[in-house]
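Keep the model open beside the text as you read.

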Amino acid sequence: MIKALLFDMDGLLVDTEPLLCKSVIQTLEKQGIKLTEDNYYSHWTRDGKTILDFIKEKNVRIDVDKYTKDKEDRYLEALDKSLNLMPGAIEKIDE
C-alpha cells in the first residue's frame with residue numbers, strides 16, 4: 001500500500017535549474033560554444049528544447065556523446081556540492 005508520494009517540480013523542494021544551467025554553459029564552452037544564461041533559459045527551459053535542437057538551430061558541431069557525459073558529470077558534481085533546499089521544503093515534507 002502506498003503511504004506517501006513525493007513529487008518535486010524543479011524549484012519546489014530544491015532549486016536545481018541554476019546548477020543545470022551552469023553545467024550546460026560550462027560543457028558547451030569546453031567545446032568552444034558560448035552560451036549565456038538567457039540563451040539557456042530561453043532554449044531549454046521556456047521553449048523545452050534539447051541539445052539536438054540547439055545543434056540544428058545554431059548549425060554547430062558538437063560531439064553529443066561527449067557533451068552528454070561531460071554535462072552529467074558536471075551536474076552531478078554540482079548537485080553533490082551545491083544543492084540547496086527551498087525555504088519551507090522540510091516543513092512541507094513533514095506535513
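The report below goes from the nonpolar core to one helix, then to aromatic pairs and a single leucine.

This is a predicted model, in which local features need pLDDT of at least 70 and side-chain atom pairs count only at pLDDT 80 or more, while totals for chains, interfaces and linings use all residues. Residues are numbered from 1 along each chain as its sequence is written, and side-chain values use heavy atoms, with hydrogens and water left out.

**The core**

Let's begin inside. A nonpolar core here is a set of buried Ala, Val, Leu, Ile, Met, Phe, Trp, Tyr and Cys residues joined through side-chain atoms within 4.5 Å. Buried means under 20% relative accessible area, exposed means over 50%, and partly exposed is in between (1.4 Å probe, protein chains only). The largest such core has 13 residues, and those touching the most other members are Leu 28, Leu 35, Trp 44, Ile 51, Phe 54 and Ile 62. At least two core residues come from each of α1 (17-30), α2 (37-46) and α3 (51-58), and α1 gives the most, with four. Helices are DSSP runs (H or I, at least four residues), numbered from the N terminus.

Contact means heavy atoms within 4.5 Å. Not counting residues up to four places away in sequence, Ile 51 touches Leu 28, Trp 44, Ile 62, Val 64 and Tyr 67.

Which residues of α2 are buried? They are Tyr 40, His 43 and Trp 44. These three lie on the same side of α2, because they cover an arc of only 90° around the axis; the arc is that of the directions from the helix axis to the C-beta atoms. The buried residues pack against α1, α3 and α4 (64-82). On the face turned away from the buried side sit the exposed residues Asp 38 and Arg 46. After α2 comes Gly 48, with a positive phi near 65°.

With a relative accessible area of 7%, His 43 is buried. Beyond its neighbours within four places in sequence, His 43 is in contact with residues including Gly 48, Asp 53 and Glu 57.

**Aromatic pairs**

Rings of Phe, Tyr and Trp (its six-membered ring) pair if their centres lie within 6.5 Å; planes under 30 degrees apart count as stacked, over 60 as edge-to-face and the rest as tilted. The count comes to three aromatic pairs, and two of them are tabulated here.

| Pair | Type | Centre to centre | Between planes |
|---|---|---|---|
| Tyr 40 and Tyr 41 | edge-to-face | 5.1 Å | 85° |
| Trp 44 and Phe 54 | tilted | 5.4 Å | 35° |

The Trp 44 and Phe 54 pair links distant parts of the chain, from helix α2 to helix α3, ten residues apart. These four residues, Tyr 40, Tyr 41, Trp 44 and Phe 54, form one aromatic cluster. Tyr 40 is buried at 1%, whereas Tyr 41 is partly exposed at 21%.

**Leu 19**

Finally, visit helix α1, where Leu 19 lies. Leu 19 counts as buried at 14% relative accessibility. Its C-alpha atom is separated by 6.5 Å from that of Tyr 75, 56 residues apart along the chain. Leaving aside neighbours within four places in sequence, Leu 19 is in contact with Tyr 75, Ala 78, Leu 79, Ser 82 and Leu 83.
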